[in-house]
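Open your viewer and get ready to click along. We will go from stop to stop, selecting a few residues each time.

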Amino acid sequence: MTRIIGIVQARMGSTRLPGKVLRPLGGRSVLGWVIRAARASGALDELVVATTTDPADDAVVAEATALGVATSRGSVHDVLSRFVAALDDRPADAVVRFTADCPLLDPGVVAAAANAWRAAPWLDYVSTALPRRLPRGTDVEVIAAGALRELSATAVGHHRTHVTSGLYTDPASWSMLGLTLHPDASDLRVTLDTPDDWRLIESVVDRFGDRPVALPELIGWLRAHPEVTGMNAHVRQKVLEAG
């Protein structure tokens, strides 16, 4: 049997929206939304929050503990090393990577990605972003434990900040599977990085309440409400090399 763990990277520091991962949203923290979606997938053998040794992140540890999730602490900027440290503490065959600023994850998509890797465990990497067709903030990545360790031994610069970028920017060196969902909804944005992102996410929660929303339902509603999608349509994702 293969063992897959979920690792949620989370910290209080954020350039554009400090403290975003612990903002209250529909009765629970943003981090709480991510943890619930990961658990609801039913595809993970264990879940851990990987945060930093910065004292500000004591609050992240406290929240994770309150939610019954283990924590691991490490470097502020070397996020890849945080993932490897978390993996060292709990052996696994693969890791599902989560970021704590994506509260609208669909547990079904998490399960689809994890089960795709379980069906072909010789793969180094499975992602819904090869190419990305989902709204930004709903993608899922699965990384084989061996690939993660191998990557950590060689990655430098921004590849250590972005964890998996050393894989998907070097496709000739790794075995990868892309899960492409249709129709294309990659123009939509439901990740949390700015105040305008927050306005959109609050609008979604106001409509659907405190529950994970299946991706087709979420996309359909957003398409029907351009006044909502327009709230953060101008926001641009930071470039990869920015670290």
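## First stop: a covered alanine

Select Ala155: this residue is buried, with a relative accessible area of 10%. Buried means under 20% relative accessible area, exposed means over 50%, and partly exposed is in between (1.4 Å probe, protein chains only). Before you go on, note that this is a predicted model, in which local features need pLDDT of at least 70 and side-chain atom pairs count only at pLDDT 80 or more, while totals for chains, interfaces and linings use all residues. Residues are numbered from 1 along each chain as its sequence is written, and side-chain values use heavy atoms, with hydrogens and water left out.

Ala155 sits in the loop between helix H5 (145–154) and helix H6 (158–161). Helices (H or I, at least four residues) and strands (E, at least two) are DSSP runs, numbered from the N terminus. Which residues does Ala155 touch, leaving aside its neighbours within four places in sequence? Show Leu80 and Arg160, which are both in contact with Ala155; contact means heavy atoms within 4.5 Å.

## Second stop: the core

Next, select Val49, Phe98 and Leu148. These residues have the most contacts inside the largest nonpolar core, which has 81 residues. Such a core is a set of buried Ala, Val, Leu, Ile, Met, Phe, Trp, Tyr and Cys residues joined through side-chain atoms within 4.5 Å. Around Leu148, leaving aside neighbours within four places in sequence, the contacts include Leu80, Phe83 and Val163.

Colour residues 4–9, strand S1, where 6 of 6 residues are buried. In a regular strand the side chains alternate between the two faces of the sheet. Here both faces are covered: Ile4, Gly6 and Val8 are buried on one side, and Ile5, Ile7 and Gln9 on the other.

Strand S6 (residues 94–99) runs parallel to S1, joined by 6 bridges; look for Gln9 and its bridge partner Thr99. Strand S4 (residues 46–52) is also parallel to S1, with 5 bridges, and there Gly6 has Leu47 as its bridge partner. Two strands pair if DSSP finds at least two bridges between them.

## Last stop: Arg132

Finally, select Arg132 in the loop between strand S7 (125–127) and strand S8 (141–144). Where does its side chain reach the backbone oxygen of another residue? One such place is Ser186, at 3.3 Å. The backbone oxygen of Leu134 lies 2.9 Å from a polar atom of the Arg132 side chain.

How values were computed: A polar contact is a pair of N or O atoms within 3.5 Å; within protein, one must be able to donate a hydrogen and the other to accept it, and residues adjacent in sequence count only if both atoms are side-chain atoms.
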